[in-house]
Amino acid sequence: DTKVIFASPILRRETNYPINADLIAEAVLIKQPTDVKTIQRRTNYRAVIVPDSDLNLRVWRIGRCAYLKDRPATAQEIPTRLRDLSTGGMGVTFLAKDGQPPRVASEDRLRIQLTLPGGGQLLIEGRLRYPAKLPTDAIEVRAGIQFKQLNGDLEDRLVIATLTKIVGEMQRAEARRYRLGIA
């Protein structure tokens with residue numbers, strides 16, 4: 001789940017380095033790296049949203065103490081287009097509203113309403129993960145939203161089950177499109 005990146009010069013290369021009495025491998029000796037970076041890899045499959053998908057998205061900024069199920073003010077809605085979806089989050093594109101750049105920040109709580117094929121709705125809380133700061137003159141901004149950690153009560157398990165079902169159906173549809181050559 002974690003990727004480690006560093007750059008360091010090779011000091012020596014040995015083609016027949018003995019690991020133990022029975023195993024010999026090719027090995028390199030490198031200088032101790034000065035900078036090591038780790039990158040957390042996604043653990044959830046992200047299904048790409050196709051234009052003819054029946055999945056619709058609405059996103060609002062809500063206050064820290066607001067109840068998720070309360071209907072927020074229309075002015076707090078952020079025009080958003082859904083790009084991909086997983087059980088842990090989603091990729092979105094925030095759009096300008098009335099010629100003004102999208103107003104959202106990583107400290108904002110987001111109320112996410114997914115309207116599902118068949119008419120059901122799913123409410124989830126999320127936070128902006130990427131980019132951490134939006135450009136002030138942007139008309140469209142690609143961003144990532146991470147869903148709130150679900151704590152395992154009945155309501156949260158239903159949300160996880162519904163997301164898993166949706167992502168699974170979308171993944172199967174992607175596989176069918178790929179097999180048919182229309183991916």
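**Isoleucine 62 and the sheet around strand S6**

In the predicted model, eight strands form an open sheet with antiparallel pairing, in the order S5-S8-S9-S12-S11-S10-S6-S7. Its edges are strand S5 (47-48) and S7, each of which pairs on one side only.

Strand S6 spans residues 56-62 and stands between S10 and S7 in the strand order. Towards strand S10 (residues 109-115), S6 is joined by seven bridges, and the two strands run antiparallel. Within this pairing, leucine 110 of S10 is the bridge partner of arginine 61. The pairing of S6 with strand S7 (residues 77-78) is also antiparallel and comprises two bridges; here tryptophan 60 stands opposite glutamate 77 of S7. S6 is mostly covered, with five of its seven residues buried.

Isoleucine 62 belongs to S6. Its relative accessibility is 13%, and isoleucine 62 is therefore classed as buried, the cut-off being under 20%. Leaving aside residues up to four places away in sequence, the contacts of isoleucine 62 are Leu68, Pro72, Arg109, Leu110 and Arg111. Among these contacts, Leu110 is the residue that bridges to arginine 61. For arginine 111, the C-alpha to C-alpha distance to isoleucine 62 is 6.5 Å, although the two residues are 49 residues apart in sequence.

Key:
Residues numbered from 1 in each chain as written. Predicted model: local features only at pLDDT ≥ 70, side-chain atom pairs only at ≥ 80, totals over all residues. Heavy atoms only, no water. Helix = DSSP H or I, 4+ residues; strand = E, 2+ residues; numbered from the N terminus. Buried < 20%, exposed > 50% of the residue type's maximum accessible area, 1.4 Å probe, protein only. Contact = heavy atoms within 4.5 Å. Pairing = 2+ DSSP bridges.
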